[in-house]
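Dear colleague,

I am passing on a structure for you to look over. My notes on it come after the coordinates.

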Amino acid sequence: MAFNHKHLIDITEYSDADIMTILETAKAFSQVNERAIKKVPTLKGKTIVNMFNEPSTRTRSSFELAEKRLSADTMNFGGSSTSTVKGESLIDTVMTLDAYKIDCIVVRDKHAGAPYMVSQASPAAVIDAGDGKHQHPTQALLDLYSIWERKGGFEGLRVGIVGDIGHSRVCGSLVPALKIMGAEVTLVGPGTLMPARPDVLGADHVSAHLDDVLPDLDVVYMLRVQMERLEGAPFPSIREYHDLYGLTRRREHLMRPDAIICHPGPINRGVEFDSYMADHPERSVILDQVYAGICVRMAALYLLLGGADNGLSA
Amino acid sequence: MAFLLKSAHIVDPALGLDGVADVLIEGDRIAEVGPDLAAEGAEIIDLTGKYLVPGLVDMHVHLRDPGQEYKEDIESGTRAAAKGGFTGVCAMPNTDPVTDTGAIVQYVKTRAAEVGHCRVYPSGAMTRGLKGEALSEMGDMVARGAVAFTDDGHGIQDAGMVRTCMDYGKMFGKVFMSHCQDNSLVGEGQVNEGVVSTRLGMLGWPAEGEEVQIARDIQIARLTGARLHIQHITTARGLALVRAAKDEGLDVTCEATPHHLFLTEDAIDDTYPTVMKVNPPLRTAEDARALALGVADGTVDAIVTDHAPHAAWEKAREFAFAPFGMTGLETSLALMITHLVKPGVIGYGRLVELMSIAPRRILGVEEVRIEAGATADLTVFDPELAWTVGADGYESKSDNCGFDGESLTGRATDVFVGGMRTLAGGSVC
Amino acid sequence: MGTTTPKAVIMDETAVNRALTRIAHEIVERNEGTSDLAIVGIVTRGDILARHLAELVREIEGVEVPLGSLDISFYRDDFATHFAPEVHATNIPWDVDGKRIVLVDDILFTGRTIRAALDAVMDMGRPRSIELAVLVDRGHRELPISPDFVGKNVPSSRSENVRLYMSETDGRTSVEITDVAPGARIGSAPLGGE
């Protein structure tokens with residue numbers, strides 16, 4: 001199957017077949033990650049720069065581990081010491097990195113569109129590791145992987161995404177990705193946490209009432225309440241948010257017996273969940289998602305840096 | 001110096017002129033208008049097939065001088081204006097230092113007289129430093145030649161401050177020009193709130209953030225009796241507010257830009273084109289259609305460019321870091337001819353009202369008629385000249401033009417300012 | 001993909017089965033039985049041959065030997081110059097430590113596949129030994145690798161392709177030589193034939 005992508009920036013440019021190729025490949029890498037020697041020589045000699053212009057320990061660690069297990073040479077660039085803080089423009093920074101003769105740039109930036117800018121300024125493959133409130137495609141792919149592992153497919157699957165959708169780059173990729181795969185998506189949250197046009201993301205339904213939609217959901221995807229990102233006061237208190245939108249033991253009777261719980265992490269106990277639900281042995285796939293992150297990122301790097309079929313070399 | 005302009009199609013709706021005639025310019029004035037004129041010693045310019053109209057005025061321009069001369073200065077900005085067919089521009093006060101005292105107004109006027117390629121009518125800040133907190137020295141600025149007051153670039157957040165400005169400043173008889181932006185709704189908004197803000201994950205700049213202040217400023221204009229002009233109006237509902245105020249008989253006018261008329265938020269695609277980042281933002285196709293109707297029915301009084309030059313490196317940033325604004329002086333006339341006159345939405349008479357008569361009237365600067373004795377501020381354009389935006393570069397120091405590469409029809413060929421030729425055969429003098 | 005013209009059938013189904021039976025006997029004989037013996041086939045074709053060999057060993061010795069399949073996509077050294085190969089699952093559901101592993105491939109050519117397979121197996125643990133069984137050795141080695149068990153030595157030209165077809169996947173069992181059309185890839189037949 002042809003996988004004709006140079007970059008992973010906008011998930012809407014990927015077909016259902018492309019996404020399945022990534023998931024299948026991730027499954028093959030899952031075997032590698034289960035071994036005593038969790039490393040393959042696949043990307044030996046390739047240089048990957050992790051350009052994290054805003055701090056993100058988890059996503060960066062996951063990428064770094066994926067790169068190392070593929071035997072790539074990796075370099076971390078950014079954080080509080082980033083050149084952009086010193087006044088250098090993003091384009092100048094990328095041209096500097098390019099002079100190192102690199103093969104791939106993984107970009108995390110607080111500005112929407114930054115990965116596209118990087119892809120225009122550099123011949124390297126670019127992976128969006130989260131840009132502003134725009135997209136976070138590898139997060140969406142690891143979510144799909146975790147759901148696929150548990151549900152076996154996506155067609156007709158009813159997925160509810162609960163919480164801060166309006167400020168979520170995860171939703172920017174996850175909702176379109178779920179739609180590409182044939183799932184039905186419901187967004188749940190107060191009006192203050194909704195995007196201006198949920199339909200533009202691809203949402204089928206929007207609701208402010210978790211209890212109304214919970215009985216229909218196969219997958220309950222709880223978003224992190226990003227206190228640091230909320231500009232105003234989108235809800236009166238954590239107490240009220242937890243009461244209205246927290247997935248708690250007292251709500252379990254509303255859930256389908258086989259409904260699973262996802263969360264992009266890091267979780268806030270007492271906000272999105274109580275501990276009973278966060279740690280639920282049958283329902284919670286939160287730690288599976290973390291593991292899936294390594295496998296999916298290995299798969300994406302493998303497929304994007306994979307040579308002639310995606311136009312990188314003759 | 002005398003010029004005999006032969007066989008131009010003269011359009012001056014104030015005089016009901018719409019036909020071919022000759023115009024004789026002697027010194028800074030029009031000496032004679034009529035058929036088959038002859039004049040000894042005058043330079044004869046054949047304008048067959050071209051239109052001759054009262055000199056165009058762009059009442060909303062950022063010349064960036066003093067303070068940001070790397071983007072534009074009075075020489076380059078007025079050069080771009082001449083190229084676009086203008087005989088005068090109104091300079092916005094968001095200079096560095098801010099034009100909030102007579103001294104800066106004096107500087108702008110003096111500098112324009114020295115190096116300018118058109119007249120420059122300075123506007124002064126309504127509030128000191130454009131901060132919306134304290135009155136600027138309006139009297140001093142008027143004494144040095146300020147023609148209007150505006151905090152352009154900022155909405156004045158406090159309604160009481162707007163009232164104070166109008167109540168105090170109305171004694172000078174100048175117009176108050178409002179940039180309408182309620183920061184509590186707009187915040188760090190980057191693009192129109194809706195489809196594009198959602199798809200691109202950027203903070204939205206909602207239509208209501210503009211409309212709320214349009215409504216407020218109309219109320220305060222009624223309260224104070226001051227003259228109000230709404231700057232760069234962008235939404236259908238905002239236009240309805242202005243229409244209602246006019247119907248009520250209030251002295252309220254408004255302006256629209258070619259980019260809000262002929263571009264929409266859909267121009268902002270996945271490539272995050274910062275050239276399309278303007279304030280107020282590009283709105284929906286529906287809003288653009290409403291603006292065009294307003295232009296035709298008279299609700300929109302004036303066409304302005306909000307010419308906002310920025311250095312290339314400033315626009316080559318992340319969208320949120322890029323400054324708001326695009327240039328417009330060199331494309332405004334051609335865009336209006338191509339998109340509104342040629343398709344029959346408006347005629348040349350209405351075009352002259354929008355780009356010459358109304359701006360002069362609102363600013364209270366000298367009105368120009370195509371008749372003997374009038375000041376010879378004249379614009380000549382070729383309505384059939386086809387050209388491509390940016391193909392031969394720009395006269396402006398900056399090239400952040402949102403219409404770059406577009407094929408347009410109609411372009412200024414000759415401009416006279418007080419009888420002096422500033423554009424000759426398409427070249428700036 | 002360029003078209004290939006069949007030139008000659010080198011082995012028919014009878015010949016393939018005869019060769020496999022002989023190799024199975026040799027494996028048992030060389031290893032003095034089936035103690036710690038395990039068979040690993042390289043996808044795609046070697047794994048099918050491995051299954052046949054394991055079946056034959058069971059018939060000969062009455063013992064079920066551990067069977068596995070190995071995908072070497074992640075270990076290829078031509079990654080940068082060829083397309084990212086479609087990844088098939090590696091399935092070795094037993095501990096490789098201490099095993100006498102017989103690696104099975106269809107056609108031995110440059111030796112690079114075997115080099116990759118050796119690395120892949122080594123990354124899974126520490127086998128006692130690794131032997132190599134191939135149905136066809138067509139020569140042109142680029143690495144110091146030689147097979148322990150060979151079905152048939154087939155002298156070939158570099159401009160020819162030698163391919164195994166198996167009834168399970170291709171509807172016929174045979175080894176065929178074809179001319180390589182310009183631009184066509186040398187290597188295993190695609191699954192399901194052409």
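This is a predicted model: local features need pLDDT of at least 70, side-chain atom pairs count only at pLDDT 80 or more; totals for chains, interfaces and linings use all residues.

Residues are numbered from 1 along each chain as written, chains are lettered from A and ligands numbered from 1 in the order of writing, and side-chain values use heavy atoms, without hydrogens or water.

Chain A holds 11 helices and nine strands (DSSP runs, H or I of at least four residues and E of at least two, numbered from the N terminus). Its C-alpha trace spans about 55 × 45 × 35 Å along the principal axes, and buried residues (under 20% relative accessible area, 1.4 Å probe, protein chains only) make up 61% of the 314 residues.

Between them, chain B and chain A bury about 1,600 Å², 65% of it on carbon and sulfur atoms; this is the accessible area (1.4 Å probe) that two parts lose on being put together, summed over both. On the chain B side, B:Thr198, B:Tyr272 and B:Glu318 lose the most area to chain A, together 34% of what that side buries. The contact (heavy atoms within 4.5 Å) takes 18 residues from chain B and 20 residues from chain A.

A:His111 lies in the loop between strand 3 (104-109) and helix 4 (114-121) of chain A and is buried, at a relative accessible area of 9%. Apart from neighbours within four places in sequence, A:His111 is in contact with A:Asp131, A:Gly132, B:Glu318, B:Ala320 and B:Phe321.

With best wishes

Conventions. Buried means under 20% relative accessible area, exposed over 50%, partly exposed in between (1.4 Å probe, protein chains only).
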